[in-house]
Amino acid sequence: RYETDLAFRVGGKMLARPADLGERVKKGEVLARLDPEDLRLNASAARAQVAQAEADYAFARAEHDRYRKLLEQKFISEAAYDSRRNAMDAAAAKRDAARAQAAVSGNQAQYAELRADADGVVTAVLAEPGQVVAAGQAVVRVARLGAIDAVVSVSEGQIAAVRAARGARVSAWAAPDRWYDARIRDVAAAADPAARTYLVKLE
């Protein structure tokens, strides 16, 4: 009943896709991997920016403290001191922004692996190793284990009877000698434009 298209949170070149069509997967299992090198480089660059921002803030703070002492001794004007205080505040803001960006880049470095969010079965493979995928681009589709629907296409001439039915019996093509009691859970509001049939889901 529940199918989810799974995608990477970041873009990159896909190196491997251990999950194949029809394979059962467990929650947390790796379904695909991106090349982590670019993500590592971004994380390293972000850490370097944090170090630079920390150094700039330390310098601005030292200048602020020095100008505050000069102001107390009446060697400089209030305006000169205010400019150094503003410079220190700006350096602090840049430091905080650099720290936040480094945290984001650090998280992105962990997003090189696409993992299953629940136990299920791979019902579609939408990208192949070697392909460059964008963030949010579906890579695999996983149907969760648990609630299962029987899905049938009903012709226009029979859809009124299906809508009026209180229940149904279902037989699968793979086991035509076995029948199951079912409840009509959903009937499509409109017919498929090509097949002119209505999709009906039974629980």
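Predicted model: local features only at pLDDT ≥ 70, side-chain atom pairs only at ≥ 80, totals over all residues.
Let's start with the strands. Four of them make an open sheet, ordered β5-β4-β2-β7, and the pairing is antiparallel. The edges belong to β5 (113-115) and β7 (132-133); each has a single partner strand, so one side of each has no neighbour in the sheet. In general, strands in a sheet pair through backbone hydrogen bonds, in either a parallel or an antiparallel way. Here, β4 and β5 are linked by three bridges in the antiparallel sense. If you want a residue pair to look at, R33 has E113 in β5 as its bridge partner.

Where does P36 lie? You'll find P36 in the loop between β4 (30-34) and α1 (37-72). Leaving out residues up to four places away in sequence, P36 touches L15 and A112. P36 also has a C-alpha to C-alpha distance of 8.5 Å to Q110, although the two are 74 residues apart in sequence.

Most residues other than glycine have a negative phi. Here are two that go the other way:

| Residue | Phi | Loop | Relative accessible area |
|---|---|---|---|
| K74 | about 65 degrees | between α1 and α2 (78-110) | 71% |

Methods: Residues numbered from 1 in each chain as written. Heavy atoms only, no water. Helix = DSSP H or I, 4+ residues; strand = E, 2+ residues; numbered from the N terminus. Contact = heavy atoms within 4.5 Å. Pairing = 2+ DSSP bridges. Buried < 20%, exposed > 50% of the residue type's maximum accessible area, 1.4 Å probe, protein only.
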